[in-house]
Every structure is written in C-alpha cells, then in structure tokens.
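Please read the following report alongside the sequence and the coordinates. It treats the strands, the aromatic rings, the nonpolar core and a few single residues in turn.

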Amino acid sequence: MAMKKQNKVAQTPAVLKQILKKCSSLGKKNGYDDEDGLPVDVPKGHFAVYVGENRSRYIVPISFLTHPEFQCLLRRAEEEFGFDHEMGLTIPCEEVVFRSLTSMLLLTN
C-alpha cells in the first residue's frame with residue numbers, strides 16, 4: 001500500500017503537466033490568448049485553481065506543486081473530482097484553509 005502512494009506521488013509531475021495542459025486548453029474563449037490558449041490573466045509560471053464551496057478562483061505559482069502539503073490537496077482533488085472534467089482544477093478545501101496554506105508556502109519559497 002505504501003508503495004502505491006509513493007508511486008502516485010512520483011507520477012504527480014506528469015499528471016500535473018497533463019492537468020495544466022487540459023486546464024489551459026479548455027477552449028479559446030474570451031479571456032484566453034489566441035496564440036497559446038492560456039488565460040490572459042494568469043502570469044507565466046502560475047496556474048489557476050478553484051477552491052471552496054463557491055469555487056473561488058486563485059492564481060498560484062507552479063512552485064507550489066513541489067510542496068508535499070499542496071500535493072496532498074491535489075490527491076484529494078483527484079479522489080473527489082478526478083481530473084477528467086471540463087472544469088478547471090478544483091481543490092476540495094475550505095477557502096480559509098487554502099489561503100492559510102498558500103500564505104505559509106509563499107513564506108517558505
């Protein structure tokens with residue numbers, strides 16, 4: 001069982017790359033760059049996530065993907081929502097907890 005969890009974490013960068021690609025290519029709608037399909041309001045090196053009951057949108061740095069605490073949230077997101085849907089990356093977490101975690105992660109970068 002422990003081997004399965006380690007394997008899943010080891011696969012996380014590849015899975016995350018797929019997620020980010022899918023999230024950024026949901027369609028070339030208003031708010032998306034025509035050339036690369038990325039949201040125009042998301043700076044390079046960042047990605048958008050949706051958090052909480054109201055699905056509030058947060059822009060977070062890609063460097064968060066290397067933190068075990070954030071990886072735990074991603075595993076929970078996969079278990080609860082899966083990654084094969086038309087919405088952006090949705091994190092199953094209360095907003096206050098997410099803001100607290102991301103504030104802590106910003107201080108450690």
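Is R55 buried, partly exposed or exposed, and what is its relative accessible area? The reply is given under the first heading, after a note on the model.

## Model and the residue R55

This is a predicted model, in which local features need pLDDT of at least 70 and side-chain atom pairs count only at pLDDT 80 or more, whereas totals for chains, interfaces and linings use all residues. Residues are numbered from 1 along each chain as its sequence is written, and side-chain values use heavy atoms, with hydrogens and water left out.

R55 has a relative accessible area of 34% and is therefore partly exposed; buried means under 20% relative accessible area, exposed over 50%, and partly exposed in between, with a 1.4 Å probe and protein chains only. R55 lies in the loop between β1 and β2, and although R55 is not a glycine, its phi is positive, at about 55°. Helices (H or I, at least four residues) and strands (E, at least two) are DSSP runs, numbered from the N terminus.

## The sheet

Three strands form an open sheet in the order β2-β1-β3, with mixed pairing; two strands pair if DSSP finds at least two bridges between them. Because β2 and β3 stand at the edges, each with a single partner strand, one side of each is left without a neighbour in the sheet. Helix α3 packs on this sheet and touches β1, β2 and β3, and its direction makes about 15° with that of β2; contact means heavy atoms within 4.5 Å, while axes are lines fitted to C-alpha atoms, for helices over the stretch in contact, with angles that run from 0 to 180 degrees between N-to-C directions.

The pairing of β1 with β2 is antiparallel and extends over six bridges, and F47 has V60 in β2 as its bridge partner. The hairpin of these two strands has four residues between them, and in it G52 takes a positive phi near 85°. Strands β1 and β3 (residues 90-91) run parallel and are joined by two bridges: Y50 has T90 as its bridge partner in β3, and V51 stands opposite I91.

## Aromatic rings

A pair of aromatic rings is described by the distance of the centres and the angle of the planes. Here, rings of Phe, Tyr and Trp (its six-membered ring) pair if their centres lie within 6.5 Å, and planes under 30 degrees apart count as stacked, over 60 as edge-to-face and the rest as tilted. The structure holds four aromatic pairs.

Ring pairs link F47, Y58, F64, F70 and F98 into a cluster.

## The nonpolar core

In soluble globular proteins, nonpolar side chains tend to be buried together. The largest nonpolar core of this model has 18 residues, and those with the most contacts inside it are V49, F70, I91 and F98; such a core is a set of buried Ala, Val, Leu, Ile, Met, Phe, Trp, Tyr and Cys residues joined through side-chain atoms within 4.5 Å. β1, β2 (56-61), α2 and α3 each supply at least two residues of this core, and α2 gives the most to it, with four residues. Not counting residues up to four places away in sequence, I91 touches V49, Y50, V51, G52, L73, L74, A77, F81 and F98.

## Two polar side chains

T102 is found in helix α3 and counts as buried because its relative accessibility is 11%. A polar atom of the T102 side chain lies 3.1 Å from the backbone oxygen of R99, and T102 touches V60 and F64, not counting residues up to four places away in sequence.

H46 lies in strand β1 and counts as partly exposed because its relative accessibility is 30%. Its side chain reaches the backbone oxygen of K44 at 3.2 Å. H46 and I59 are 13 residues apart in sequence and 6.3 Å apart in space, C-alpha to C-alpha.

Notes:
A polar contact is a pair of N or O atoms within 3.5 Å; within protein, one must be able to donate a hydrogen and the other to accept it, and residues adjacent in sequence count only if both atoms are side-chain atoms.
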